[in-house]
Amino acid sequence: MSSRIIEGVVMFKTSYLTIDEHGINLIKNHVVETHIDYAGIKQITITKSFMINRWGWVLAIGILVLAGSLIWGVSNIKVFDFVFRTSNRGYFMFQMIPWILALGSLFLIYTSLQKSKVLIIDTYNKRYQVSILEIEKEHKIGELVDFLSKRTRLLFQ
């Protein structure tokens, strides 16, 4: 992994990568983490895939938390005292915890199932997967395919 910055005209830029005539720069925390020359790339694949890498784990955790919070919340409704007094505010807030957890787990499930276009870069040593959602929103996928197909082997699915 190289941390060098090669000056060049940036053709495509997202928050995760920049693509120019020298190669592809992978960005992490607003700093170029890895530079990949086109000569070191075996092939590049553009495909629609899940936006997060461990989406199965996130989905499983979201479903488990949702099931647990729903069981907890329904069992609390059975014993809930529906008379609200000022002294019961803490008790009422305690009753809201499972429903807040259920909303959070729904967010986890939604995020784990989101898909977008990703750029899969296969080098001779490693495989990188980077989201190109910003390029897709700008409708520049065709330009990206034309640019990369002139420089390396490209598969578009």
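The structure holds one salt bridge, a term used here for a side-chain nitrogen of Lys or Arg within 4 Å of a carboxyl oxygen of Asp or Glu. The model is a predicted one, where local features need pLDDT of at least 70, side-chain atom pairs count only at pLDDT 80 or more, and totals for chains, interfaces and linings use all residues. Residues are numbered from 1 along each chain as its sequence is written, and side-chain values use heavy atoms, with hydrogens and water left out.

**The salt bridge**

The partners are D122 and R127, whose closest N and O atoms are 2.7 Å apart. Side chains of opposite charge can pair when their charged atoms come close.

**The chain at a glance**

Four helices and eight strands make up the elements of the chain. They are DSSP runs numbered from the N terminus, helices being H or I with at least four residues and strands being E with at least two. Read from the N terminus, their order is β-β-β-β-β-α-α-β-β-α-α-β. Buried residues account for 37% of the 157 residues. Among contacts between residues at least 6 apart in sequence, 62% join residues at least 24 apart, contact meaning heavy atoms within 4.5 Å.

**Strands and their pairing**

Let us begin with the open sheet. Four strands form it in the order β7-β6-β5-β8, with mixed pairing. Its edge strands, each pairing on one side only, are β7 (127–131) and β8 (154–156). On average, neighbouring strands of this sheet are turned by 20 degrees against each other, direction ignored. Two strands are said to pair if DSSP finds at least two bridges between them.

| Strand pair | Bridges | Facing residues |
|---|---|---|
| β5 (41–50) and β6 (115–123) | nine | F50 and K115 |
| β1 and β2 | three | V10 and D20 |
| β2 and β3 | three | L17 and L26 |

A hairpin of three residues joins β1 to β2, and another, through two residues, joins β2 to β3. Strand β2 is covered on both faces: L17 and I19 are buried on one side, and T18 and D20 are buried on the other.

Helix α4 (residues 141–149) lies across β5, β6 and β8, running at about 155 degrees to β8. Such angles run from 0 to 180 degrees between N-to-C directions, with axes fitted to C-alpha atoms, for helices over the stretch in contact. Which residues of α4 are buried? They are I141, L144, V145, F147 and L148. These residues sit on the same side of α4 because they cover an arc of only 165 degrees around the axis, the arc being that of the directions from the helix axis to the C-beta atoms. The buried residues of α4 pack against β1 (10–13), β2 (17–20), β5, β6, α3 (133–137) and β8.

**The nonpolar core**

A nonpolar core is a set of buried Ala, Val, Leu, Ile, Met, Phe, Trp, Tyr and Cys residues joined through side-chain atoms within 4.5 Å. The largest one has 22 residues, of which I19, I24, L119, I121 and L148 touch the most other members. Two or more residues each come from β2, β3 (23–28), β5, β6, β7 and α4. Which element gives the largest share of this core? That is α4, with five residues.

Leaving aside neighbours within four places in sequence, I24 is in contact with L17, T18, I19, T34, H35, I36, Y38, I41, I44 and I121.

**A look at helix α2**

L103 has its place in helix α2 (residues 89–112). With a relative accessible area of 59%, L103 is exposed. L103 and L66 are 37 residues apart in sequence, and their C-alpha atoms are 8.0 Å apart in space.

Key: Buried means under 20% relative accessible area, exposed over 50%, partly exposed in between (1.4 Å probe, protein chains only).
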